[in-house]
Every structure is written in C-alpha cells, then in structure tokens.
Amino acid sequence: MGVYEEKKETCGTVCLKYLLFTFNFLFWLAGGAVMAVGIWTLTEKSDYISLLSSRIYAVSAYILVLAGVIVMVTGVLGCCATFKEQRRLLRVYFVLLLCIFLLEILAGVLAYIYYQQLNEELKNNLKNTMVQHYRQPDQDHVTKAVDKLQQEFKCCGSKNYTDWTESLWIRSSEATGRKVPDSCCKTPTNLCGKRDHPSNIYKVEGGCIAKLENFILDHLKIIGAVGVGIASVQIVGMVFTCCLYRSLKAEPY
C-alpha cells in the first residue's frame, strides 16, 4: 500500500512539473507580448504623450515594459525551479509571480483611472498646448506631435481650425501670413496654410480633440486588458506552484 501511495504521489508530481513547465513557456511568450505593447506605446506613440499634461498614460506603459522583462526572466527561473525540484527556487518564483501580478494589476488600474480623466484633461489642455507651444523655442517635440496629429487624423486645431487664430506663432511675423499651420492642409506644402478654404485644409472634418481621445481610449483599453488578462493567467501559475511545492515538501530529499 505504501509503495502504491508513493508511486501515485510521484506521478502527481511529474504531472504538476510538466503542467508548470508548459505554463512557464506560455508565460514567457506572454511576457514578450506585454513588453512589446509597452515599448510600442513609448516609441511609436511617444509624440502624442507630449501633448498630455498627465504622465499616467506613459507610466502605465513603463510598468508594462518592466513587468514584461520580469515575466521573461521569471519564466526561465520557473523552468529551472520545476525541473530541478528545488523548493527554494519555487519560493523565489512564487514571490516574483506575485510581484508581477501586482505590477500588472497596477498598470490596469492606472489605465482605468486615466480612462475616466482623459476627456477633461484634453478639453483643458490640448488647445492651450497647441496655441501656446506650437513653433515656440525649445518646443520642437510639441510642434512635431501637433503636425503628426493633424496629418494622421486629418484634423485641424483642437475643436476646429479657428483655434489657431489664438496661436502665438500664427499671430507672429514668423507665420508669414499663414492662417493655420501647413500640417492642416490636405496636401501639405510650404505656405499652404495661408488659404483656409475647405478644399485646402481639414476645415469641415473638425478638430483633433475627439479623434485623439478615441485613439488614446482604445490604446488604454489594450493596456488595461493586457495587464489584467496576464495577471489573471498568473493566478493559475501560482496555484500550480503551490501544489508542486507541497508535493515536493512531502517527498524525501
């Protein structure tokens, strides 16, 4: 009877090992995906971040990058701990899983909080950023972001093209008679902003505020979903780890 129980216990341990190994491989791939989403946010969409007064959007992305790196390292550690059957490594692995779990929940919560605040922030700050900082000294990043925003989303100004009448740059001699920046033009050329006819600029298409808000909201949903989704999967990994730890504890060294 004792031999049967020992054999049964060993078989259970082997099954847990392979389940945890499979989980770690998938977890490692998921870590790469989490890190990729964070890096994509910080590189491809970094221009738009400069138009936001709050740093929550960027912080959420940094948290995802950090979590992704830790996930990939943890996945390798988990495989080593599983096959070497060392309870000390399993303890370290469990603690790292818990830290990643908390990091990704934090990223998801921050994304949700910012989701609620975004509309008010854009209404209060986007127009001011455009008219006060566009083409001003040491504000090249804002100028680049605004030009990219207007071209990519086919819009002009914050609410509409008339916002540019308040621009410090448009009112200066440096604008050389432009009514809007050249990036408002459907086919941008030098000094095309002098003519504000609907056939020339994005006049009837409206301002950029609604389009930028929709873009960021969609991206926040991705950040939140990735963070919470991976965190949920980690619960399975922590359960497997606890089961394997108890199984190894019961076996003789």
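Modeller: The model is a predicted one. Helix α4 spans residues 87–133, and helix α3, which covers residues 56–84, packs with it at an angle of about 160 degrees. The axes of these two helices lie 9 Å apart. Because angles over 145 degrees count as roughly antiparallel, α3 is roughly antiparallel to α4. The crossing of this pair is left-handed. In the contact of α3 with α4, the residues comprise 25 nonpolar, 4 polar and 1 charged.

Helix α4 also packs with helix α5, which is formed by residues 140–152. Here the angle is about 120 degrees, and the axes are 10 Å apart. The two helices α4 and α5 are therefore oblique to each other. Where α4 passes α5, the crossing is again left-handed.

Phe25, Leu26, Trp28, Leu29 and Val76 together make a nonpolar patch of about 480 Å². The greatest contribution to this patch comes from helix α1, residues 2–43, which supplies 4 residues. Phe25 is located in helix α1.

Methods
Residues are numbered from 1 along each chain as its sequence is written. This is a predicted model: local features need pLDDT of at least 70, side-chain atom pairs count only at pLDDT 80 or more; totals for chains, interfaces and linings use all residues. Side-chain values use heavy atoms; hydrogens and water are left out. Axes are lines fitted to C-alpha atoms, for helices over the stretch in contact, and angles run from 0 to 180 degrees between N-to-C directions. Angles under 35 degrees count as roughly parallel, over 145 as roughly antiparallel, 65 to 115 as roughly perpendicular and the rest as oblique. A crossing is left-handed if the near helix is turned anticlockwise from the far one by less than a right angle, and right-handed if clockwise. Ala, Val, Leu, Ile, Met, Phe, Trp, Tyr, Cys and Pro count as nonpolar, Asp, Glu, Lys and Arg as charged, and the others, Gly among them, as polar. Patches are made of residues with over 30% relative accessible area and no salt bridge: like charges are joined within 9 Å, nonpolar side chains (Val, Leu, Ile, Met, Phe, Trp, Tyr) within 5 Å. Accessible areas come from the Shrake-Rupley method with a 1.4 Å probe; for residues, only the protein chains shown count as cover. A salt bridge is a side-chain nitrogen of Lys or Arg within 4 Å of a carboxyl oxygen of Asp or Glu.
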